[in-house]
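Me: I would like to talk through the pockets of this model. Could you take me through them with the definitions at hand?

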Amino acid sequence: MKIRDNFFIGTSSSSWQIEGNHKNSNPSWADLFYQKDPSLWYGKTGVQDACDFIHHYKEDIEWMAKAGMNVFRFTIQWPYFLKDVKKGIVNEQAKDFYNHVIDTILSYGMEPFISLEHWDLPALFLEEFDGWCNRKILDYYRIYARKVFECFSDRVHYFFAFTEPNIPIDNGYMDKKWYPFVHDPKKCYQAHFHKMVATSIAKQEYLPFQKQTGGKLGAMIHYTPVYPRSDSKEDLEAWYYADLLQVRIYLDPYVKGKISDEFMNVLKENDCMFSYKPEDMELIDQYRIDLLGLDYYFPIRVKQKETEFKGIFHPEKYYDLYIKPDRRFNSHRGWEIYPQAILDAEKRIQEEYQIPWFISENGIGISNEDRYRENGQIQDTYRIEFLKEHLECALQCKSCMGYLIWSYIDNVSALNAFKNRYGLLELNTKTQERIPKKSYDFFKEINHKREI
């Protein structure tokens with residue numbers, strides 16, 4: 001199977017998960033999260049122990065280029081980039097750093113993809129007014145987005161307002177797994193709504209730059225496609241609500257420019273409807289994304305509600321999760337392995353959304369990879385199999401523009417830290433040495449052959 005010449009093939013990352021400690025940075029969401037209870041993080045390992053990209057970016061980008069990648073997606077770290085996050089005063093040290101990163105990417109003929117926010121909100125906004133739950137955040141996000149475009153749009157042609165906007169909100173305000181560890185549906189959906197509006201604000205701010213450069217402004221969603229247990233009326237109803245609340249929540253406003261009446265009716269019925277102004281809906285309709293990224297790892301399977309639901313609202317009021325008996329799954333994460341979902345995504349996008357799209361994240365995390373070491377190299381054939389199957393499905397999709405791996409290197413994850421590793425490059429956390437795994441050699445080979 002040939003890899004098309006115009007196909008984006010590369011890797012994704014996020015700033016707080018790879019950069020490490022900055023000497024001149026404001027505290028962030030990730031800092032608050034870790035400091036709340038370091039014991040929750042595997043090995044008490046936090047963002048300060050990331051793979052030190054700030055000092056290894058030249059080496060890391062060279063590894064990507066040698067592997068034949070043509071895209072590197074990274075994040076501008078909001079609390080680092082702005083010295084004063086309210087007034088929008090740029091930290092010149094941070095600006096220089098990101099300029100060097102961009103210039104290095106371009107020097108290898110690669111394309112920089114920049115995400116404006118991958119969860120890492122300045123801590124000040126969380127401490128003063130609960131971050132995305134408060135409308136005040138929209139003004140500060142507008143200032144931040146404009147500054148990023150002013151600094152980098154002359155050389156960067158792909159910007160993304162958010163990466164996985166729902167994850168920190170759902171985990172932090174619905175499931176109580178992440179900071180700030182609360183279950184407050186009203187705050188949860190208010191925060192979701194503000195991120196929808198902020199995405200349109202980013203597009204509005206980008207338009208003058210877009211007219212000069214012809215660039216694109218997109219967003220990348222955490223895509224967990226929903227499948228019903230059966231075609232029964234009850235299971236299909238469970239699928240409908242799960243899809244509405246987990247998938248369409250961002251797809252509809254991002255692409256169609258409208259939050260569905262069905263979605264808002266569910267929130268009203270459960271007393272967790274967000275507040276808004278009429279001009280917000282006009283903004284969402286007028287300023288839509290140009291490009292959609294799907295961060296795909298696993299599907300959700302559901303069945304009719306068989307258990308009694310009690311307590312504060314949760315989407316699972318309408319369905320029970322279903323474990324397919326014969327599923328293939330990653331036992332280290334508990335996630336089902338289902339490459340077919342990429343083909344299903346193309347069909348749905350063509351039928352319902354009609355937007356340029358690509359796979360913006362895909363990968364597999366495995367713990368204790370050292371047991372697979374032979375002659376000094378981790379023989380991660382399981383990762384090769386996983387990536388090969390998913391990339392083949394992406395290539396079968398004629399409308400899919402690209403496929404980005406998570407990630408080029410082992411990186412820190414929230415709570416998980418380095419327990420489950422995702423990288424093509426092994427990170428020696430004591431020496432910061434980068435060591436190619438067998439999957440790196442595989443990826444390098446198919447990229448240089450331009451076929452899989």
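Predicted model: local features only at pLDDT ≥ 70, side-chain atom pairs only at ≥ 80, totals over all residues.

Me: What makes a residue part of the lining of the largest pocket, and which residues lie nearest its centre?

Reply: Residues are numbered from 1 along each chain as its sequence is written, and side-chain values use heavy atoms, without hydrogens and water. On a 1 Å grid over the protein atoms alone, a pocket is an open set of points where a 1.4 Å probe fits, with protein on both sides within 12 Å along at least five of seven lines; a lining residue has an atom within 4 Å of a point. The largest pocket has 48 of them, and Asn171, Lys177, His222, Phe298 and Trp335 lie nearest its centre.

Me: How do you know how much space lies in the largest pocket?

Reply: Points are joined across faces, edges and corners, and the volume is the space filled by probe spheres set on them. That gives about 1,300 Å³.

Me: Which element gives the largest share of that lining?

Reply: α8, with four residues. Helices are DSSP runs of H or I with at least four residues, and strands are runs of E with at least two, numbered from the N terminus.

Me: What is the volume of the second largest pocket, and which element gives the most to its lining?

Reply: Its volume is about 280 Å³. Among its 14 lining residues, Tyr223, Val226, Tyr227, Asp344 and Arg348 are the closest to the centre. The element α14 gives the most to this lining, six residues.
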